[in-house]
Structure formats: structure tokens, C-alpha cells
Amino acid sequence: MSIDVKKVKKNAFRITKQRGKTALRIRVPGGHLEVKYFDIIKEIAEKYGDGTVHITIRQGFEVPGIDFDKMPEINRMIKPIIEGLELDIGVNIDDPEAGYPAAGTRNVSGCIGNKVCPFANYNTTDLTRKIEKEIFPNDYHVKIAVTGCPNDCIKAHMQDFGVIGITEPQYDEGRCISCQACVKNCRKRVTGALKFENYTVVKDEDRCIGCGECVLKCPTGAMTRSKEKYYRLVIMGRTGKKNPRIARTFLNWVDEETVIKVIKNCYDYIDEYIDKSLGKEHVGYIVDRTGYNVFKEAVLKDVKLRTKAKIADYIDFGGYMYERNRFFSEVSR
Amino acid sequence: MGYQLLNKDFNDILNQLKSEYKIYGPKRFENKGRFSDTDVIGYGEIDKLEDIVLDEKTYFSPKEIIYPIRQTLFYFTEDEVKVPDAPEDKVIVFLRPCDINGIKRLDTIFLENGPYKDVYYERLREKVKFFMIECTEGFDSCFCVSMNSNKTHDYAVAIRFNEENVLIDLKDRDLLEYFENYGKAEEFTPEYIKENKAKVSIPYPEKVTNEMFEHEVWQEYTRRCIGCGRCNTSCITCSCFTMQDVYYDANKKVGERRRVWASCQIDVFTNMAGGHGFREKQGQRMRFKTMHKINDFYKRFGFHMCVGCGRCDDVCPEYISFSKCINKLYSIVEEGNNDEK
Amino acid sequence: MMKNNPYLPVSAPITKITKETDIDYTFRLACDIKPQNGQFLEVSIPRVGEAPISISDFGDGYIDMTIRRVGKLTNDIHELKVGDKLFIRGPYGNGFPLEQYKGKHLIIAAGGTGLAPVKSIINYFYKNIDELKRFDLLIGFKSPKDVLFEDEINKWKEKINVTLTVDKGDENWEGNTGLITKYVPDIKIDNMKDTEVIIVGPPIMMKFTSMEFLKLNVPEKKIWVSFERKMSCGIGKCGHCKIDETYVCLEGPVFNYTKAKDLID
């Protein structure tokens, strides 16, 4: 059997442990899709696969048990999915009957966002689609997820780029009844950024993480969301076998445009600094090699930050290294 | 006096009225809803008829216009107490019959309860003219008909909003000069909603004994209510407040005494200096509020406090329905039905 | 129009401060207020706060208030000196029906700071002891260091049957110990019809002391209590002191037991 493995992988089919069988991977930007696409997935799974489908951690679908020779047929079948979930949101794919043209940059995942969730500070699906449009198709290995609020249900902290929606609470003193629901809640559930002094809520700007919980708690509408939507961008979180780590804040209180531009710029950065001797290199390891400042300079190219924005001066990514932190005492008997 | 006016003529009149009046109505506050990308419908100054939101109920009632959430009673300087001047502008409020009836309840507390009139309330209240929005459909949670507050004749102007024109019943002769040059005379009598989707039966106050106070029905609310106070802050009839002294400067020489809305559902409402409180459980607080709205006030003044606007239903984050609570009570008191339903 | 502003306080200079205990001071204010026994004032320090405080005594050109240090405002009041001013408005509430007690056997049971609102009655009848058939006074405090008005209590003993007790004594305490309720049965009541009982103190004390008197077959209508609530306005608007259809600031703070027993917070 002759299979061009690299081409197959790039076409979003997987090399599986079972010789001769592949698995189709379907992207669902933001993890939200019309149910009509289920019919196609169902048909592929039943006709070509083993009748099952795996829901991936990145919010895609993986249909296993497919013969390699069925790939062209299946690619034609998923045309409506590629059209609906990619072309229609502005992604440029030359031949929608030829399947996905790249698989390096993973599906942009998103929590359910403010379509449903009361905590979310924005429409996450919309943002995932905007990001997808800018960065797909692309072979570089980058993982991106967007989440509606600092609860981070999507685990943005485990991504190369994690986008966290925040808001700047607006306090209308004249509507405040001193119930302190916001103050108590912030102390208990968030960072304790609010204090109650002289019958007025006082905010410690440095402690406020913009979650918007105070807005939710306020019974009079004294606390409302800012008209501007803000984001915190956390970077270079990852799992993996070398150095799993939580992403750290790179930018805070930036706008959507900045988020998208920075992510886009990152591809130029990768292009310039990737170790071309390797088949592929995950962006996080490139940053490890070049250092944060090189990354920072590259991704902020042509980015106009507003005055409210904050940039990390330095990031100590931390996490742990398997090769250094693998020693454990044996359980004494 | 009845008139039929084209919308644009009515807007002209509003424009002219603005020289003398501040005009408030139910309007949309964009992106000011609790959740992101949501609006809130509340009371604010309006410029034109199109600003008035008629197809949604307001989240907050119009009471804040005459009974501000925070109201300065007087300013303190080192040796002086100074009462702030009353606002000069007269006020027009577009509101529905239930809310006009609700303001009657506020009048009762502030102007009739106890030996003194509340001068701060009075001086705003006497400046207000009601522009009654004819309301024949209501909204899902309304139960004004059950509370007998679906009707009122206390208005300066009653308005029916049609697609391109408005019908007006003008009662207040002060406003005649504004209207008489416009539109054509046409008799108009406002209609009132005859039946709500939600209905309540109120137990007769004399049948509500102290045993009811200890009834297990209230335990449900201890479990469900989170004591956020939204039912109070959205209510047209809730009138409770707390006094606050604040200072403006670091050395505390200058400041003010003000009052702010208080909520019987929120902690510390009954707490005295030293911390002792009288209703610690949410169920007790729910009972207190319920009794005030459909029992105690009636015993004191001869009509119920609750006007059935249903806002407390609309705003409760725990989906506690006040009309359901009233009906449960009725079922227990009048029908001896003690089953939890 | 603000002439009739019921919220406007007037200032009154402090002419005397008496330390009763570590946390209870009596402040004498120079003012023309002629209250009834048992009424209260709204007392404030501008920019700090206002609170309802019962009048403990009064006379020509003065009123006394015994104020316990329990919070922000009362802490600040305790810092004041003679010559400083307090702001007051009132008096509010109904007061005790003094006339009704005349010619009767009066029993007053006061617990802790509950002694303050009845002190003026005690002093009135101390001066006019002939106006009563008999006067029994039960006073209870938590401990010897909480005893209020010690000198006056000793003075009252000259004419009044005073029983002073503390919940728990110390090595120097030689008097009665135990709760007030323990001493209620000792009171000799000859004629229920001619007896009037006033009970003032913490809610729990009033409840159990009332029950003791009821056990002695004192009719409910002969028992009077005074409620303490968080009155923010004092004039029937703010709603904090409302119980059922009753406003403690208007119809109270003094209630006949027949009414008080049905007042469930």
C-alpha cells in the first residue's frame, strides 16, 4: 500500500494504529454548528467508518475506521461542511471538494459564550470565526481557544493563544444601594478588587480582572459593562512530554483587533524562527528558544495598543520539565 | 378633551413640552443589560415617541423618578446644615395604569403614614404629570387585574399608540395650550386590560393568622431565595430606605446625609447596631414581604400594596414567582391545602 | 417648604457625661424637648450617622440618653466631650401611659440597657411615690461590671422595692444572681386589677419575663413592653421597624402585651 503520509495528514486525515485505516478530522470553529452537518458526519461514519464518531478535545469530530482509498469520496461529501463552517466565514480554500488543505493550525475552540452563558463577556463563536478566517489554512502548529470570561471553561490557559473576554465595570454611584453584593462576591469568588468605603464601592484597578461578576450581582444596574469589549491574551500554555505549563498573560485590556493581529503576526514570527531542520515545531518551543522578547517584538509589529492596554514586561513560564522534575521517592514499606 | 394626532405632531408637542418639563418614559438602554450584549428597558428621559418602548416591560419601575435610589437630604459643612434645592423642572412620565396605581402606594407611605409628610418625596411628586400608556394586553407575568390596579383615572393625558397616530384623552387643562393647535378633536376613552394570563387569589386578611407565619410554605423560600433584593429594587411599590451619612473630604468636615433604597430581602435590613437582626432566614423575609404586599398594608390603608406589575417575577434570578406564592398562600388559607405544589 | 422637614436635626450641646460602665455613657443634652417617658430620639453626628436612642431621663431644659458603644456612631459619640454637640430630632414613638399606672401597684422588670427607657418613669415615681400603691423594681444585668446607674439604684432602694440581680456574679458580688425570671415569683401581687407590669430588655428577656408574669396570672393587658428596632427615619416611612401592619416608631415602641404577643417579626 502506498500512502503519502505527509499529504494525508495535511489533508486532515490521521495515520491510525490500524494499518490501512485512517480517520477523518472535521474542524468546527468555536465548537458550534448547525445540526444539519450531523447528517453528513453520520453518513460518513456509517458508510465508510465503523459507525462511531469521536468528539475531540478541540471541538472537532474524528470519524475513525476509514479506508485510505475512500478519502477523495469523503472529501467530496464534506464539501457542505467546509463551505458552511469555513468558506462562509471567510476562510479561503481553493477547492472545497478536496477536503481540508491544512491541519497544522488546530481548530479554534471556544466556550459557548454569551449566546447562552450569563458570565460570558462576548460572543465567542463570532471571535473564533474571525480568528479562523485569519489563520486557516496553515501548517504551523498553533493551538488557539477563546473563552467568554476568566472562568476559562475552554481552558484557554492550555493553549498557545488563549483569549479571555473581560469587561470594565462601570459604576453609577447614584444607583448604588450599598447592598455590597458586588463587594462580597468579588471577595469570595474573584480577587477582592472591590471595597466598600464611605457607603461607596471602591475598585482597586490593579486587582480587577474584568470578569463582570459585579455586574451580574448588582440588583439596581449600578454596575454595568463597558461599551468597549476587552480581552486578556494568555500565551504559550501547553501539555506535552517536555514541559507542560499554564499559559501566562501577555496582553491585558486589549481590543479584538489587537488579539487577531497578534495571532496573525505570530505566523510571521514562526516563519522566521522555526527550526527548519525539524519536520514541525510547536510554537511554544520556538518561543522557548528565541526568548519572550523576540516573540513580543515580532507579534506586536504594527499593533497599535490603546492606552488602557497592558503588556507583560517579562514572562516566567514555569510549568515543570519531565527531564528535571521526574524524581520521586519510593514509597517506604 | 380627545384628540387624534399624527405621530410627528405628537413629537412636536413633546418638543415644546420639553421647555417646561423633563419627559421620562420606558426606553431602551443599549448594552446596559445584566448580560453582555443585552439591553435593559428602564425609565429615562425621552425625546420622541419612537424612544418609548411599548413591546417590552421595563425591568425597573418609574419610581426612581420621584423617589431616587440615592437622595441627598442635606449637606453638612462644619457648622451648617443645608437642604438641597428641589429640582426646578416639572416632570412628565409615560407609564401604565399599574404604575400609576403603584405610585399611589408610594404616596400613601410617604405622605400619609405617620404624623409627617415626607417633604423630599412631596416636592418631587407634586411636579409630576402622568401620561398614561393605554395597556390592554399586558405581559405574561402581569396580574394587575387580580390586584384591581389595571385601571386608573388619575392621569393628565391618556394615550393610545397606533401605527401612525396617537389618540389622546387630555384631562389636565394646564396642557391644553400644547395640544389644541394640533390634530383633530376626537373623543377617546382609554381601555384597560380585562384579563391577565397570570391571576392571583388573595387570602382574606382576617383569615391570615399568625399560624401562617410559621407555615412550612416559607421554608421553600429559605432554600430558593438568594436574598439579592431584585424583587424590591424593581418593585413600583417598595418604599423602604436607609439613612446614610457620608463625608466628602479626608478630614470628614464636609458631607451629606442621604437616604438610599433598602431591601427587606437583603441582609442587615433589620439589624440593629450591635448586630442583632430579626429575620435571618430568607423564608421569613419572603413572608414579611408577601404579607406587606397583600396583607399588612391592606389592614392599615384599606387596599393592597402590590399592584401586580409582575416585575418581581421578571427579574428574579431564581425564578421565584410572587404570583405563585400568593396563590399558594390562598390555597393554604382558604382551601386548607397544605400540600406542597 | 423645608421648614416642616422632619428629617432636619437640631444641634444640642452636651452638658454632662456620666460613665456608667466601660461601654455605657450617659449624655446630658441641653434642649427644650419635652418627651414622654419611653420615647426615643434620632441622634446623630453629621457625616458619621444617625440612630434611634431612647431617652433615659429628662427635666427642665435637658434630656439624658444612656448610650452603649456598639458601632461606628456610638463609638464616635463616646469620644465627644462636654461642650460638643449632638444632633437630634424627635421625640418619636408613643411612650408609656404614665397616667394609667398612677394609683396602682407598678412592677418594672428591666434587663440591661432596657433600664434606660424606663429610668424616667422610675425617677418620676421615686419623686412621687405616693402616686403608686406599691412599686417593685426588678433589674438584671449580665455581670457586676454591666450594672448601670448604680448610685441611682441605691437611691431608689430608699423608696422602691428594688431587686438587683446579675446573671453571674464575681468574687466581690454579694447580691442576687440569676436571671430576672427567677425573682418574678417573689413579687407579691395582691390585686391583679390594680397591677401594671412594665418589661423592657432584650427580646428573649422580655419573652420569658412576660411568661413568668402570665404564670402569676397577671392579665395580658396589664403587661407593657418596649421594642427596640432599627428605626432609620423614626416617622413611619423607612420601613425598617415595621412588624405586620404596625410601625414600631409610630405605634410603639411601647406596646401592651395583648398587641405585642402578636407582633411577629
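Begin by selecting chain A of this predicted model, where, among contacts between residues at least 6 apart in sequence, 63% join residues at least 24 apart. The C-alpha atoms of chain A fill a box of roughly 80 × 60 × 50 Å when the box is taken along the principal axes, and of the 333 residues in the chain, 41% are buried.

**A pair of helices in chain A**

Next, select residues 124-135 of chain A, which form helix 5, together with residues 256-273 of chain A, which form helix 8. The axes of these two helices lie 10 Å apart, and the helices pack at an angle of about 30°. Because angles under 35 degrees count as roughly parallel, helix 5 of chain A is described as roughly parallel to helix 8 of chain A. Their crossing is right-handed.

To see what makes this contact, show the side chains of Leu127(A), Lys130(A), Ile131(A), Glu134(A) and Ile135(A) on helix 5 of chain A, and then those of Glu256(A), Ile260(A), Ile263(A), Lys264(A) and Tyr267(A) on helix 8 of chain A. Sorted by class, the residues of this contact comprise six nonpolar and four charged, with no polar ones.

**The nonpolar cores**

Now bring all the chains back into view and move to the largest nonpolar core, which has 180 residues and in which Met132(B) and Val225(C) have the most contacts. Centre on Val225(C): leaving aside residues up to four places away in sequence, Val225(C) touches Ile199(C), Val200(C), Met206(C), Ser210(C), Phe255(C), Tyr257(C) and Ala260(C).

**Where chain B meets chain A**

Finally, turn to the contact between chains B and A, to which chain B contributes 21 residues and chain A contributes 24 residues. On the side of chain B that touches chain A, select helix 7 (230-234), strand 11 (241-247) and strand 12 (255-261) of chain B, which are the elements giving two or more residues to that side. Which of these elements of chain B gives the most? Strand 11 of chain B does, with three residues. If you colour that side of chain B by class, you will find ten nonpolar, six polar and five charged residues.

Definitions and conventions. Residues are numbered from 1 along each chain as its sequence is written. Chains are lettered from A and ligands numbered from 1 in the order in which they are written. This is a predicted model: local features need pLDDT of at least 70, side-chain atom pairs count only at pLDDT 80 or more; totals for chains, interfaces and linings use all residues. Axes are lines fitted to C-alpha atoms, for helices over the stretch in contact, and angles run from 0 to 180 degrees between N-to-C directions. Helices (H or I, at least four residues) and strands (E, at least two) are DSSP runs, numbered from the N terminus. Angles under 35 degrees count as roughly parallel, over 145 as roughly antiparallel, 65 to 115 as roughly perpendicular and the rest as oblique. A crossing is left-handed if the near helix is turned anticlockwise from the far one by less than a right angle, and right-handed if clockwise. Two residues are in contact if their C-beta atoms, placed from the backbone, lie within 7 Å. Ala, Val, Leu, Ile, Met, Phe, Trp, Tyr, Cys and Pro count as nonpolar, Asp, Glu, Lys and Arg as charged, and the others, Gly among them, as polar. A residue is buried if 20 or more other C-beta atoms lie within 10 Å of its own, exposed if 12 or fewer, and partly exposed in between; C-beta atoms are placed from the backbone. A nonpolar core is a set of buried Ala, Val, Leu, Ile, Met, Phe, Trp, Tyr and Cys residues joined through C-beta atoms within 7 Å.
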